[in-house]
Amino acid sequence: MDDLVVIGAGPYGLSIAAHAAGAGLGVRVLGRPMASWRDHMPEGMYLKSEPWSSNLSAPGGRYTLAEYCETRGIPAEHGTPLPIGTFSAYGLWFARRATPPVEEATVTEVTPHGDGFRVRTAEGPPLLARTVALAVGVMPFVRYPAALRELPPAHYSHSTGHRDLTRFAGREVAVLGAGQAALETAALLAEQGARPCLVARRSRLNWNTVPQPLRRPPLRSLRDPHSGLGTGWRSWAWSELPWAVRRLPAPTRERIAATALGPAGAWWLRERFERRVPVLLGHRLRRAVPAGERTRLGLTTADGESVVLNTAHVIAATGFAPDLARLELLDAGLRAALVTVGQGGSPELSPGFESSWPGLFFAGLLTAPSFGPSMRFVHGAGFTAGKLVAGVRKRLGTRDPLAGSSGATRADRAQASGHRA
């Protein structure tokens, strides 16, 4: 029986596995490494966060994005956007060096088993684990406007459903949303020969400002500090104090998770977008009906005027709805028994990211209502990995995890034990 099975091999899952192996735990990692980044983002996209705030986390601060880029002669500079492909390759490089071998298995079911869990996969016999960490990323939680669900599947898609946008060349595409995914998807569509139109409920688009230099006069730095989630004291608090967010009342945490760091486009995208993409702002989607191979969208303006938009395809860049009900791989009885945050569908978590079911841990988007908006970004992986592995060790008790451990399979065992928490 393994000490820990990590389900998911994105930035959070890999970071947790690296810290668990460094602590000498017997850990296995299941999933396709960096799957969301490699399979669900169009070519040509860039990382919105700064390179220095986009590190995966390993004990001792090793295997950073800067280290990866330096060994390959790739610029990783503040204020210079980094291609998504570079970040994906960095994640694979990190996995080869910092974690046990990732097993590309599809998890189909997690059920209680004695004092631990049984983890079933589509590829082989079930695994038994004392603890489980669910780091499943965002794909189980894609959100569509209700009006689109009546359409035939070929008429609409989510922004995460496209690796290659060239198939839309010469066609009209309505892109729904006002965040970075919507704005960048629309810009890429235009640049690849499509005819996009952005439709958003907001009356105006928000754009991030050009980042301030890292080195500034002390007074200016004090007035507007840098953080992994941007500049300013509010962003600094979300970035650096997730433990403090968790101590707030549940309704306050829910509101922060839902509203903080709202939709906005990267500063470097604005010119590309504004010169090529027409927009319908202040338009709410009311209905969508198929018209042969095309789609008619019924929109309503802020003044109540009805507008019809005829398009060849609809791409919903409408984000994600974190909800335990969507985690079908989790045993239904176990799922129903979990204590949730306030009125939402996210699990209430301990300081060590443990749910109300002993031994079941969560990481990533589902943890934002407990620890704040940093859990929606790569930057939150470092805090999560350290605290979650400490929580796992606490749950396992005083048993020495190094005895008979299979966790440190790539790192030197002596070096790994030197990083024990």
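A crossing of two helices is left-handed if the near helix is turned anticlockwise from the far one by less than a right angle. In this predicted model, the crossing of H1 and H4 is of that left-handed kind.

**Helix pair**

Helix H1 covers residues 11-22 and helix H4 covers residues 84-98. Their axes come within 10 Å and cross at roughly 20 degrees. Angles under 35 degrees count as roughly parallel, so H1 is roughly parallel to H4. H1 contributes Pro11, Leu14, Ser15 and Ala18 to the contact. H4 contributes Phe87, Gly91, Phe94, Ala95 and Ala98. Of these contact residues, 7 are nonpolar, 2 are polar and none is charged.

**Three-stranded sheet**

An open sheet of 3 strands runs in the order E13-E14-E15, with antiparallel pairing. E13 and E15 are the edge strands, each pairing on one side only. Neighbouring strands are turned by 25 degrees against each other on average, direction ignored. E14 and E15 are joined by 6 bridges. Threonine 300 stands opposite serine 306 in E15.

| E13 | 283-291 |
| E15 | 306-311 |

**Valine 341**

Valine 341 sits in the loop between helix H11 (332-337) and strand E17 (360-362). Is valine 341 buried or exposed? Valine 341 has a relative accessible area of 1%, so this residue is buried. Leaving out residues up to four places away in sequence, valine 341 touches Ala250, Arg253, Glu254, Ser346, Pro347, Glu348, Pro369 and Ser370. Alanine 190 is 151 residues from valine 341 along the chain, and their C-alpha atoms are separated by 41 Å.

Key: Residues numbered from 1 in each chain as written. Predicted model: local features only at pLDDT ≥ 70, side-chain atom pairs only at ≥ 80, totals over all residues. Heavy atoms only, no water. Axes fitted to C-alpha atoms, helices over the stretch in contact; angles between N-to-C directions. Helix = DSSP H or I, 4+ residues; strand = E, 2+ residues; numbered from the N terminus. Parallel < 35°, antiparallel > 145°, perpendicular 65-115°, else oblique. Contact = heavy atoms within 4.5 Å. Nonpolar A, V, L, I, M, F, W, Y, C, P; charged D, E, K, R; others polar. Buried < 20%, exposed > 50% of the residue type's maximum accessible area, 1.4 Å probe, protein only. Pairing = 2+ DSSP bridges.
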